[in-house]
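The sequence and the model come first.

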Amino acid sequence: MVEFTTFYLRVLTSNLTKMIEEIFPTIYNKALDIISRREHSKKEVRDKLLKKFDDLSVIEDVIEKLIKNSLLNDSRYAEMYTRARKRKGFGPKRIGYELNSRGVSETLSSIAIEEEGGWLEAAENAFNKKFKDGISLDFKTKLKQKSFLQNRGFSFKEIDSIFS
């Protein structure tokens with residue numbers, strides 16, 4: 001009985017190893033396909049792969065290989081994402097929140113936001129794009145303008161610099 005169990009375990013292990021060896025390239029190629037279009041965070045790649053494949057351990061191995069080969073980098077992703085969202089008129093608070101929700105650590109997101117800089121100018125550009133007539137004299141409209149910038153993720157200091 002012991003010999004049968006040992007034999008069965010060896011066969012099972014061998015078959016499992018073959019399955020992993022066959023699925024790893026498939027998952028790796030899918031991951032390459034995903035990251036070839038734009039930068040992604042580790043969490044985004046993991047989530048997309050989990051939609052297609054069930055084997056979490058192989059997915060983690062694929063992600064580790066991508067990181068080792070410098071194809072996946074959360075720091076690079078944070079810089080790219082910060083730059084792109086700033087161009088679209090979003091502020092540092094909102095961008096930081098979005099990066100955190102995409103699996104980027106607070107440390108990396110705050111470094112990327114700090115290095116990007118120029119947030120007063122970004123707030124001014126977002127304001128001028130939305131409100132072509134400038135600062136309103138009407139109190140209610142002025143509150144709406146301030147609320148717009150706050151919802152875009154700009155700090156009180158940046159908002160105040162526009163209205164003073």
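How close do the axes of H4 and H6 come, and at what angle do they cross? The axes come within 9 Å and cross at roughly 45 degrees. Axes here are lines fitted to C-alpha atoms, for helices over the stretch in contact, and angles run from 0 to 180 degrees between N-to-C directions.

This is a predicted model, in which local features need pLDDT of at least 70 and side-chain atom pairs count only at pLDDT 80 or more, while totals for chains, interfaces and linings use all residues. Residues are numbered from 1 along each chain as its sequence is written, and side-chain values use heavy atoms, with hydrogens and water left out.

**Overall content**

The chain has 9 helices and 0 strands; helices (H or I, at least four residues) and strands (E, at least two) are DSSP runs, numbered from the N terminus. Of its 164 residues, 33% count as buried, where buried means under 20% relative accessible area, exposed over 50% and partly exposed in between (1.4 Å probe, protein chains only). Among contacts (heavy atoms within 4.5 Å) with a separation of 6 or more, 60% join residues 24 or more positions apart.

**Helix pairs**

| Pair | Axis distance | Angle |
|---|---|---|
| H4 and H6 | within 9 Å | roughly 45 degrees |
| H7 and H8 | 11 Å | about 130 degrees |

Angles under 35 degrees count as roughly parallel, over 145 as roughly antiparallel, 65 to 115 as roughly perpendicular and the rest as oblique. H4 and H6 are therefore oblique to each other, and H7 and H8 are therefore oblique as well. The crossing of H4 and H6 is right-handed, as is that of H7 and H8; a crossing is right-handed if the near helix is turned clockwise from the far one by less than a right angle, and left-handed if anticlockwise.

On the H4 side, the contact with H6 is made by Asp74, Ser75, Ala78, Glu79, Thr82, Arg83 and Lys86. H6 contributes Leu108, Ala112, Ile113, Glu115 and Glu116. By class this contact has 4 nonpolar, 2 polar and 6 charged residues; Ala, Val, Leu, Ile, Met, Phe, Trp, Tyr, Cys and Pro count as nonpolar, Asp, Glu, Lys and Arg as charged, and the others, Gly among them, as polar.

In the other pair, Ala123, Ala126, Phe127 and Lys130 of H7 meet Gln145, Phe148 and Leu149 of H8. That contact divides into 5 nonpolar, 1 polar and 1 charged residue.

**Nonpolar cores**

A nonpolar core is a set of buried Ala, Val, Leu, Ile, Met, Phe, Trp, Tyr and Cys residues joined through side-chain atoms within 4.5 Å. The largest has 21 residues, and Ile95, Leu99, Leu149 and Phe154 have the most contacts inside it. H4, H5, H6, H7, H8 and H9 each supply at least two of its residues, with the largest share, 5 residues, coming from H7. A second, separate core of 14 residues includes Val58, Ile59, Val62 and Leu72.

Leaving aside neighbours within four places in sequence, Leu99 is in contact with Tyr77, Ala78, Tyr81, Thr82, Val104 and Ser109.

Arg85 is found in H4 and counts as buried at 17% relative accessibility. Beyond its neighbours within four places in sequence, Arg85 is in contact with Phe90, Arg94, Ile95 and Glu98.

Ser75, also found in H4, is partly exposed at 29% relative accessible area. Its C-alpha atom is separated by 8.7 Å from that of Ser41, 34 residues apart along the chain.
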